[in-house]
Amino acid sequence: MKRRILYFICTICFLMLWSSCRKDFEFSPSTGSLQFSKDTIYLDTVFTNIGSSTYNLKVYNKSNDDISIPSVGLARGAASNYRLNVDGIAGKSFDNIQVLANDSLFIFVETTIDINNFSNPNGTYLYTDQIEFDAGSNLQKVELVTLVRDAVFIYPDRDNTTKVIETLTLDIGGELIETELQGRELLPTELTFTNEKPYVIYGFAAVPNGETLTVNAGARLHFHSNSGIIVSNGATINVNGAFSDDPDVLENEVVFEGDRLEPNFSDTPGQWGTIWLLDGSINNTINYTTIKNATVGILSDGNANEATEKLKITNSQIYNSSNFGMLGRNTSISAENVVINNSGQSSFAGTLGGKYNFTHCTIANYWSNGFRQFPSVLLNNFVTDEDNNAILADLTEANFNNCIIYGNDNPEILLDEIEEASVAFNFKFTNCLIRFEDNNNNFTGENYNLENTSLYENAIFNEDPNFKDTALNQLFIGDESAAINMGNPTFSSQVPTDILNVNRTASPDLGAYQHITFPEDD
């Protein structure tokens, strides 16, 4: 016991002696020798009045002395459109910021800029400022740069008394249904989208009954979270993109994407809702269009038995959909030169029957953001209600001609039929390259009889399509592709040029692209 007490007393004495010898932190003024993680912070491009992401700057004190920076602040002062956060404190100027020897300091930067406050001859404005550290001969600066873009904003009305945001009443099958979807109908003056300025849409913009939304070549549509386009009963959308000479700029392509322009968001799935073609919408066309980063790229409902297909989509790409790239529900779709990839569920799903014709399409799924339940292509003839009862409808036809259906899972087609004598389930894959291996015999029945030429005519299974880079949605096929020269000329004559406007009639390859030679360094 005495030994334990003696040990305790010795420990207390040691701590007292150590603390009495320790010098208090003494902070010397900085001498202009700070180092920074970057000399310029590019806050990338933002739309006017939409806040940027948060960017960070790391400030290093690599000396052996504890220092105090007399002042840290924005050169424009309180008038600056940038906002800082220094060591957890928000503001635009700070005094006596302390940094320990061989330690660092984090500064976070954001901005929101109203382009109307500046001269704006071209719809863009380059806004700059600096973060200044110290003054006089010790002054150091880090540049801040943001490109601000003007835009046409479409958003629902808000009741200033109740603060309730306007919601949509939709004509669904001739019945008016009040929804909880925030949004409003487009006005007559808003039914033509041009390429003069980008459009930023908050909530769902609905095309009214009997009206047509026309989207001109080169238009850019950006959607906020939980936003999209709804085409009502009796309404139409015509997206009139055109071939672009520059595949990187896509100057004539129409682009649907989210409203975050920073590079970190360029390929992030699920940033916005969908293009929703309601039951009863008619004569919808989409040409030379890129639809990216949606929840569902295109959702088409109803009109399965109309003489003219509900949607004709050509020369278009759908990428990075968090659920489905294209989802049809008892509907009719014609697709030519369409590329779909990177979908959280199926890239194309034709559910509750319907009528579908895909020619020279590349339907792939190389989703890498987690588990996906369904293959690249899903066909079924039913939907289950809230009581788990199956409602059936005819799959009148589902024809895939000169297509590639592939992905990073296996198999990449699912034919989910509830057999009923009175309900049709008609499909056919003609001259298609398909990933389908059933090593464990999990898929039985005539639908999966790959030798049945009335269902699988000249189909190729499990051969390499030789895509350029699936992670970057580059689904061009190369010299080693099993799809080369395997197309049926009857179908290639119907779609004589590929999505890049290359003639394919002489020796058609499968999919949306004629093959190319990849550069050696690829």
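**A walk through charges and contacts**

Let's begin with Asp-464, which is partly exposed because its relative accessible area is 47%; the cut-offs are under 20% for buried, over 50% for exposed and partly exposed in between, with a 1.4 Å probe and protein chains only. Before I go on, this is a predicted model, so local features need pLDDT of at least 70 and side-chain atom pairs count only at pLDDT 80 or more, while totals for chains, interfaces and linings use all residues. Residues are numbered from 1 along each chain as its sequence is written, and side-chain values use heavy atoms, with hydrogens and water left out.

So where does Asp-464 sit? You'll find Asp-464 in the loop between β40 (460–461) and β41 (467–469). On strand naming: strands are DSSP runs of E, at least two residues, and helices are runs of H or I, at least four residues, numbered from the N terminus.

Asp-464 is also part of a negative surface patch, together with Glu-463, Asp-479 and Glu-480. For a patch, residues need over 30% relative accessible area and no salt bridge, and like charges are joined within 9 Å, or nonpolar side chains (Val, Leu, Ile, Met, Phe, Trp, Tyr) within 5 Å. Asp and Glu count as negative here, Lys and Arg as positive, and His and the chain ends aren't counted.

Okay, salt bridges. How many are there? The count comes to 8, where a salt bridge is a side-chain nitrogen of Lys or Arg within 4 Å of a carboxyl oxygen of Asp or Glu.

Take Lys-197 and Asp-150, whose closest N and O atoms are 2.9 Å apart in a salt bridge. Lys-197 is in the loop between β15 (192–193) and β16 (199–201), and Asp-150 is in the loop between β11 and β12 (152–154), so this pair ties together parts 47 residues apart in sequence. As for cover, Lys-197 is partly exposed at 35% relative accessible area, whereas Asp-150 is buried at 11%.

Next up is Arg-260 with Glu-262, a salt bridge at 2.9 Å, N to O. Arg-260 comes out partly exposed, at 24% relative accessibility, while Glu-262 is buried at 3%.

And then Arg-372 and Glu-412: the closest N and O atoms of that salt bridge are 2.6 Å apart. This one links distant parts of the chain, 40 residues apart, with Arg-372 in the loop between β30 (362–365) and β31 (377–380) and Glu-412 in the loop between β35 (404–407) and β36 (413–416). Are these two buried or exposed? Arg-372 is buried, with 5% relative accessible area, and Glu-412 is buried with 0%.

Now a few residues in strands. Thr-146 belongs to strand β11 (residues 140–149) and is buried, at 0% relative accessible area. What does the side chain of Thr-146 touch? Its partner is the side chain of Tyr-82, in a polar contact at 2.8 Å; that term means a pair of N or O atoms within 3.5 Å, where within protein one must be able to donate a hydrogen and the other to accept it, and residues adjacent in sequence count only if both atoms are side-chain atoms.

Ile-333, in strand β28 (residues 324–343), counts as buried at 2% relative accessibility. The C-alpha atoms of Ile-333 and Gly-354 are separated by 8.5 Å, and the two residues are 21 apart along the chain.

Last one: Asp-44 is in strand β3 (residues 40–47) and is partly exposed at 24%.

How values were computed: Accessible areas come from the Shrake-Rupley method with a 1.4 Å probe; for residues, only the protein chains shown count as cover. The place of a charge is taken as NZ of Lys, CZ of Arg, CG of Asp or CD of Glu.
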